[in-house]
Amino acid sequence: MSRYTDFYQRSLSDPDAFWSEQAKLVDWNTQPDQICDNSNPPFSRWFVGGKLNLCHNAIDRHLPARSDQPALIAVSTETDTEQVYSFAQLHREVQRMAASFRALGVKKGDRILIYMPMVAEAAFAMLACVRIGAIHSVVFGGFAAGSLASRIEDAAPVLVVSADGGSRGGKAVAYKPLLDEAMRLSRHKPEAVLLIDRGLAPLPLVAGRDHLWRDLRKEHLDAQVPCEWVDSTHPSYTLYTSGTTGKPKGVQRDTGGYCVALAASMQHIFDAHPGETYFATSDIGWVVGHSYIIYGPLIAGMATIMYEGLPIRPDGGIWWQLVEKYKVTVMFSAPTAIRVLKKQDAAYLKAYDLSSLRALFLAGEPLDEPTAQWISDGLGKPIIDNYWQTETGWPILTICNGVEKAPSKFGSPGKAVYGYKVKLLDDQTGEELAEPNQKGVVAIEGPLPPGCMQTVWRDDERFVNTYWKSVPGKLVYSTFDWGVRDADGYFYILGRTDDVINVAGHRLGTREIEESIAAHPNIAEVAVVGVADQLKGQVAMAFAVVKDSAGLTDEAKRLKLEGEVMQLVDRDLGAVARPARVRFVHLLPKTRSGKLLRRAIQAVCEGRDPGDLTTMDDPSALQQIRDLMKA
């Protein structure tokens, strides 16, 4: 067996011994007396009886050895600022924030909602929460008032931490009016609001409720706030994720399991080491920002870069400039961001010294092979895809570089990660598909490993019914994604089970068609959706962004390119998968985190209301599709 195969098998055959070993990677105030309690499935409890603190593991324990080393590097190309905080400086700022929270009446177990741009104070707030045993709920900065209100109502925070505004592409986005409207709409009324004034937007204060951070910080400059030791099973945070139906789900995460899972992942997956620099280009409003901007790198004793800005501003080389300047060793981004960079001058990839960078990890959506090949050729570094969810908190599928260096297969996020009993199941019978190259639902047999969600916040029933009862006859966790596994154990994700297109009885995954279309040399990006059709039930409709749009105003040239794309799909997948139309657009509708809004595209194509679009980055993208469908 290979080294990784042995490592993986041991994690499944003797999980208590395996995870007891991983638990030594973190500091405990009280050692756990039971590794896993799975007496009430699917509600597994990890490291029962243990007490620890997430902030202590991220900051305090590193002070003796690396207090003067960089911990947090806050970079904003929106405000042209860069500030490096050492572990000692971060320790002081977090204690000032924690003391301010206490002064505003926050106690252990209380919730704090954080509605912030990508600034250092947002990191202080998250770390201050877990320092005092409060539970944070971060909402992506700039979310619309209605979406914010629903999260305030569900989380029931005693305090909201926010700012006057954020900035995107050099344009200020005022947060305070959105927050005030959300507070008006919400049936739950937080007692206090703590505000960071960046000087970007007006900041009207509500007397008795609103407090300025600069004032409270001055009062607590010398604050010393010890870490609150909490049970391993104490919730560290909730993070809301949208579903296909119903209100957003508050994914609830524990403390001990999460801390151990992140510490282990930094070593075994990312091959990351203390004193190095980690750069994740995500936002703290998403799970990647929690796990691999704030907690994971700091737990590992690394410096972490927190970036506010676009990947192409001031130019398409800004990220590589930061890699050179701060000697980044591990970088984590999203396929969407790389596709954006793909439209920039490739010379930017060679303009900086990237010798410190060992690997680029990508996740958030399927990574198509052409994009993977392009960035691999450009950087000359390992490109490692990984697949996971808000619900799991850390990767389910990837290459575990720290255990054994193994090749990536472009188009595949890799193999099952240690601790995860990943299965492919028949969606009709629930039977396991053990042979290679069979298409099934990607599922995980319980108990879920440490770090995964405990439950849905205040809704255990929804946790069970949503995640554990969708596969017939089995209590297994469903990812709601289709996948196949090849003979070498590499998985390929084929798209959501609810994004399957049923064309005249043939079940087709949108990902398969998108992969084929993306291979055309003039296609930069593509989204495929299933659209209702009276004859076939559904047909595939493709929307593509071209690399070179010159001449596409000419109808004949447009039709020629459309024909070429259809021939490509015919060749790769057969005529049954050929899209009814391939429409060319300037950009695709996406959320601010870069996920394609396929359901909104589908709704517009079918003449339905696309629903809640508060996370959409640029509304003109959907309008383009509306106009095309009317033409």
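Colleague: What should I know about the model before we start?

Modeller: The model is predicted, so local features need pLDDT of at least 70 and side-chain atom pairs count only at pLDDT 80 or more, while totals for chains, interfaces and linings use all residues. Residues are numbered from 1 along each chain as its sequence is written, and side-chain values use heavy atoms, with hydrogens and water left out.

Colleague: OK, Ala192 then. Why is Ala192 called buried?

Modeller: Buried means under 20% relative accessible area, exposed means over 50%, and partly exposed is in between (1.4 Å probe, protein chains only). Ala192 has a relative accessible area of 4%, so Ala192 is buried.

Colleague: Where is Ala192 found, and what does Ala192 touch?

Modeller: Ala192 is in strand β11, residues 192–196. Helices (H or I, at least four residues) and strands (E, at least two) are DSSP runs, numbered from the N terminus. Not counting residues up to four places away in sequence, Ala192 touches Leu104, Val158, Leu159, Val160, Arg209 and His211; a contact means heavy atoms within 4.5 Å. The C-alpha atoms of Ala192 and Gly208 are separated by 8.0 Å, and these two are 16 residues apart along the chain.

Colleague: Now helix α1. Which residues of α1 are buried?

Modeller: In α1, residues 3–13, they are Tyr4, Phe7, Tyr8 and Ser11.

Colleague: And how do you know which side of α1 they are on?

Modeller: We look at the arc of the directions from the helix axis to the C-beta atoms. These residues cover an arc of only 95 degrees, which puts them on the same side of α1. An α-helix has 3.6 residues a turn, so residues three or four places apart point the same way. The buried residues of α1 pack against α2 (15–22), α10 (256–268), β22 (415–416) and β23 (421–425).

Colleague: What makes a set of residues a nonpolar core?

Modeller: The members are buried Ala, Val, Leu, Ile, Met, Phe, Trp, Tyr and Cys residues, joined through side-chain atoms within 4.5 Å. The largest such core here has 122 residues, and Phe101 and Tyr418 have the most contacts inside it. Helix α6 (residues 120–131) gives the most to this core, with ten residues. Leaving aside neighbours within four places in sequence, Tyr418 is in contact with residues including Tyr4, Phe7, Tyr8 and Ser11.

Colleague: How much space lies in the largest cavity, and which residues lie nearest its centre?

Modeller: About 150 Å³. Of its 14 lining residues, Arg339, Pro366, Asp368, Glu514 and Val526 lie nearest the centre. The largest share of that lining, four residues, comes from α16.

Colleague: And the second largest pocket: what is its volume, and which residues lie nearest its centre?

Modeller: Its volume is about 460 Å³. Of the 18 residues that line the second largest pocket, Leu552, Arg558, Phe584, Val585 and Leu628 lie nearest its centre. The largest share of the lining, five residues, comes from β32.

Methods
On a 1 Å grid over the protein atoms alone, a cavity is a set of points where a 1.4 Å probe fits but cannot get out, and a pocket is an open set with protein on both sides within 12 Å along at least five of seven lines; lining residues have an atom within 4 Å of a point. Grid points are joined across faces, edges and corners, and a volume is the space filled by probe spheres set on the points.
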